[in-house]
Amino acid sequence: MVRFWKITPGGNPTVLLEADAVAPALRASAAAEIMSPGHLAAEQVGFLTSSGGLTPRLDMMGGEFCLNATRACAALLARQGVLPSLGPDRWGGQIEVSGAESAVDVRVRRVPADQGQMDWTAAAGMKFRGMPEPPAMLGGACLIRVPGIAHILLENAPPPSADNLPSACAELRARFGLDGEAAVGCLWLDTMTDPPAVYPVVWVRATKTLCAESACGSGTLACALALRARSGDSRLAIRQPSGDILTVSFESDSAKSARGGQIQHIWVGGPVRFVAEGTLFLRRL
């Protein structure tokens, strides 16, 4: 038996497990089982280490980086009293996450019940020296790299049907030469709606999974980078397939990096809901 938490960070059902419960060599196969319809039907799985007084660490199922899983993890750590308190119903700190070169800043807020059904909100923030590089364009699509994952963005084009989705995503990965990446997202962004709406599909090489996600944090960041390049807006909102809205905020720090560039802090935040917790059984253990 393995202890688990199922959490939906704006959609994107995520299962978190204690890292020491599953050996690293078995994590990809365990994640594939947990994601199956006959199990917990998650869209992704992460493995959490939060003991020993060290910075908590989240390792995703394929070694990729996931913003939404980071937000889910932050809410769980706040609920468990692991994250430092910043005041009544507020917490903050850092989490080490696979695919990220440095620890990710997180901040969490507990929403009183009389303010709606959004029990928690959580944001994950990353620091960039200056703005990320402009997207690379190819054949009507653009490639946007964010920590730990590459995203291919197509604007105002209808997503393919479910039957054609695997081949369409494979063609896009091949077009940009991304089949060797740990994870690749294909994003269909509708900018004609208010707010813009994204349809994200994420492929993870280690687990050989392709998932049309109900929300995608890193995909939302990629969309916001593309939109900001045109509008210059410091705060953007992107609607997820779940109906929830994730926000992206661009905050310039007063300090500069050692190499002289302005530090840009980019936060992705939104609702987090706890769905279930307990113990699960895995055939592969």
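1. Start with the second largest pocket. Its lining has 18 residues, and Arg107, Thr121, Ala122, Ala123 and Gly269 lie nearest its centre. On a 1 Å grid over the protein atoms alone, a pocket is an open set of points with protein on both sides within 12 Å along at least five of seven lines, and lining residues have an atom within 4 Å of a point. By class, 8 lining residues are nonpolar, 5 polar and 5 charged.

2. A word on the source. This is a predicted model: local features need pLDDT of at least 70, side-chain atom pairs count only at pLDDT 80 or more, and totals for chains, interfaces and linings use all residues. Residues are numbered from 1 along each chain as its sequence is written, and side-chain values use heavy atoms, with hydrogens and water left out.

3. Now the largest nonpolar core. Such a core is a set of buried Ala, Val, Leu, Ile, Met, Phe, Trp, Tyr and Cys residues joined through side-chain atoms within 4.5 Å; buried means under 20% relative accessible area (1.4 Å probe, protein chains only). This core has 73 residues, and Leu17, Ile34, Val45 and Leu221 touch the most other members. Helix H2 (residues 67-79; a DSSP run of H or I, at least four residues) gives the most, with 9 residues.

Definitions and conventions: 1 Å grid on protein atoms, 1.4 Å probe; cavity = no way out; pocket = protein on both sides within 12 Å on 5 of 7 lines; lining within 4 Å. Nonpolar A, V, L, I, M, F, W, Y, C, P; charged D, E, K, R; others polar. Buried < 20%, exposed > 50% of the residue type's maximum accessible area, 1.4 Å probe, protein only. Helix = DSSP H or I, 4+ residues; strand = E, 2+ residues; numbered from the N terminus.
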